[in-house]
Amino acid sequence: MRGTSYRHFPFLCRLEGLISDRKLPLSAVTGCRQESLSKASPRSLSCFLPTAHLPALAMGCLGAFLFLLGGLGALAKLWDIPGEDSKLQERLGQLLLPWMDRLSLEHLNPSVYVGLRLSSVQAGAKEALYLHHLKLDYQQNLLGSGTSEYSRDKPSMGQLALYLLALRANCEFAGGHKGDRLVSKLKRFLEDEKKAIGHNHRGHPNTSYYQYSLGILALCVHQKRLHDSVVGKLLHAVEHDLHLPWGHLSVDTAAMAGLAFTCLERSNFNSNQRNQIILAIKTVQDKILKAQTPEGHFGNVYSTPLALQLLMTSSTIEVELSIACLKARAALLASLEDGAFQNVLMISQLLPVLNHKSYVDLISPDCLEPRAMLEPTMETPPQIQVPEVIRVMLQVLSIWPPYRHSISVPAGSSLEDVLKKAQKLGGFIYGTQASMSGPYLTSVMGKKAGKREFWQLLQAPDNPLLQGIADYRPKDGETIELKLVSW
């Protein structure tokens with residue numbers, strides 16, 4: 001943990017009695033002045049505790065304070081970072097600004113719009129223009145009214161669901177003839193997925209339980225009800241761990257399922273399944289908490305924002321949950337300082353967390369809430385210098401004959417740059433497809449990934465990469481393997 005991390009964490013153990021009961025000197029546990037304690041109120045107890053003291057004090061001090069908060073009926077925002085959150089949102093929002101100008105069909109991403117609308121920052125008139133182009137894209141491609149100018153592969157179920165979230169982020173309901181047709185299309189997607197899973201639950205969704213959950217969430221925030229049988233498939237998957245690829249928890253999928261269930265519960269939908277839905281929310285939360293790494297991430301750094309979105313919706317104040325969220329925020333701050341968040345989809349999922357919101361808030365969004373205007377950053381012209389050259393070993397061992405060659409690229413190149421260079425040199429070919437989180441591999445050496453297969457990116461010998469080909473930057477001497485795997 002960074003030595004300065006204590007500045008960022010409001011810790012809710014600030015009652016003079018709690019400190020004196022444990023015979024702890026005030027200076028040993030907090031940066032608060034003595035007089036601040038005597039004047040503290042239940043809603044303003046937010047002095048700062050160095051995170052190094054967190055494990056030793058949390059169960060006693062935090063537990064007693066949370067019990068007191070429950071008795072007083074106060075709502076504790078345990079992950080609140082006064083002042084710091086606004087600065088972080090501004091920094092991340094500035095990374096999204098260039099994407100607001102990319103209005104071509106391959107770059108339009110509803111998640112970017114949703115993330116900004118649920119944050120405390122805004123892009124001004126660019127947001128309205130971006131939403132206008134989203135509407136043109138999705139209506140003309142999904143409803144079949146587009147011309148050749150707008151023709152492209154039709155959006156997936158997950159992309160349609162994100163588009164509907166974008167409408168709610170602007171306080172719009174999917175209505176009218178076009179809106180009703182989009183809702184019907186998403187419902188048909190879910191029905192098709194339900195049939196693929198099968199009545200005996202032995203099948204799998206054609207896409208994934210992540211997209212299945214996202215579809216349920218999108219319809220829920222638009223106040224569109226679904227048949228119990230559709231929701232039942234997701235309930236069964238959570239109960240029997242059918243959403244676990246390769247036998248281990250996908251935190252992203254679990255979190256999205258939890259957000260969908262939370263929306264159904266808050267909207268009083270599917271009343272016959274209410275008890276099961278409430279139990280499923282608790283089950284998913286518990287699984288995510290158990291998936292926390294020693295560093296503090298839930299699963300990994302990129303699944304943590306969505307996990308926090310779910311955990312922040314909890315209506316109960318629990319010691320374990322509170323400590324886990326504080327630890328996760330510490331890990332996120334460290335990752336932000338290390339420049340981990342560059343992918344627009346990941347940024348768009350993190351922005352709501354920093355504004356204490358989640359996708360569930362789209363049930364009743366506040367479109368009048370003031371948001372600070374983002375200003376473009378002034379970029380200094382880069383100094384012209386000869387780039388350092390690194391060598392990356394690229395190998396494909398899951399085909400015959402195997403491929404293994406050393407590729408030279410400038411330092412700082414992405415894995416996609418390595419693949420392009422390898423293809424240019426000859427003897428290597430690959431194909432990609434655009435997605436919300438960037439391009440992903442669809443074929444290598446002419447071998448296409450089949451149904452329930454994908455090309456996995458590994459740092460040899462067997463360490464899966466957490467980023468895609470456009471975001472990951474190999475180091476000198478690193479070996480990268482592309483491996484065709486089933487799931």
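At what angle do the axes of helix α8 and helix α9 cross? The axes of α8 (residues 157-169) and α9 (residues 176-197) cross at roughly 140° and come within 10 Å. Axes here are lines fitted to C-alpha atoms, for helices over the stretch in contact, and angles run from 0 to 180 degrees between N-to-C directions.

The model is predicted: local features need pLDDT of at least 70, side-chain atom pairs count only at pLDDT 80 or more, and totals for chains, interfaces and linings use all residues. Residues are numbered from 1 along each chain as its sequence is written, and side-chain values use heavy atoms, with hydrogens and water left out.

The crossing of α8 past α9 is left-handed. A crossing has this hand if the near helix is turned anticlockwise from the far one by less than a right angle, and is right-handed if clockwise. On the α8 side, M157, L160, A161, Y163 and L164 take part. They meet L182, K185, L186, F189, L190 and E193 of α9. Contact means heavy atoms within 4.5 Å. By class, this contact has nine nonpolar, no polar and two charged residues. Ala, Val, Leu, Ile, Met, Phe, Trp, Tyr, Cys and Pro count as nonpolar, Asp, Glu, Lys and Arg as charged, and the others, Gly among them, as polar.

The protein chain comes to 17 helices and 10 strands. Helices (H or I, at least four residues) and strands (E, at least two) are DSSP runs, numbered from the N terminus. Of the 487 residues in the chain, 49% are buried. Buried means under 20% relative accessible area, exposed over 50%, and partly exposed in between (1.4 Å probe, protein chains only). Among contacts between residues at least 6 apart in sequence, 68% join residues at least 24 apart.

Q89 lies in helix α5 (residues 84-100). Q89 is buried, with a relative accessible area of 1%. Beyond residues up to four places away in sequence, Q89 touches S119, S120, V121, L351, L354 and N355. The C-alpha atoms of Q89 and S120 are separated by 7.1 Å, although the two are 31 residues apart along the chain.

Five strands form an open sheet with mixed pairing, in the order β4-β3-β10-β8-β9. Two strands pair if DSSP finds at least two bridges between them. The edge strands, β4 and β9 (463-464), each pair on one side only. Strand β3 (residues 389-396) runs antiparallel to β4 (residues 403-410), and eight bridges join them. A hairpin of six residues connects β3 to β4. On β10 (residues 479-486), three bridges join a parallel pairing with β3. There, Q395 has E481 as its bridge partner. Helix α17 (residues 415-425) lies across β3, β4, β8 (453-459) and β10. It runs at about 115° to β4.

A further open sheet has three strands in the order β5-β6-β7, with antiparallel pairing. Its edge strands are β5 (430-433) and β7 (447-448), each pairing on one side only. Four bridges join β5 to β6 (residues 440-444). Within β6, S443 is the bridge partner of G431.
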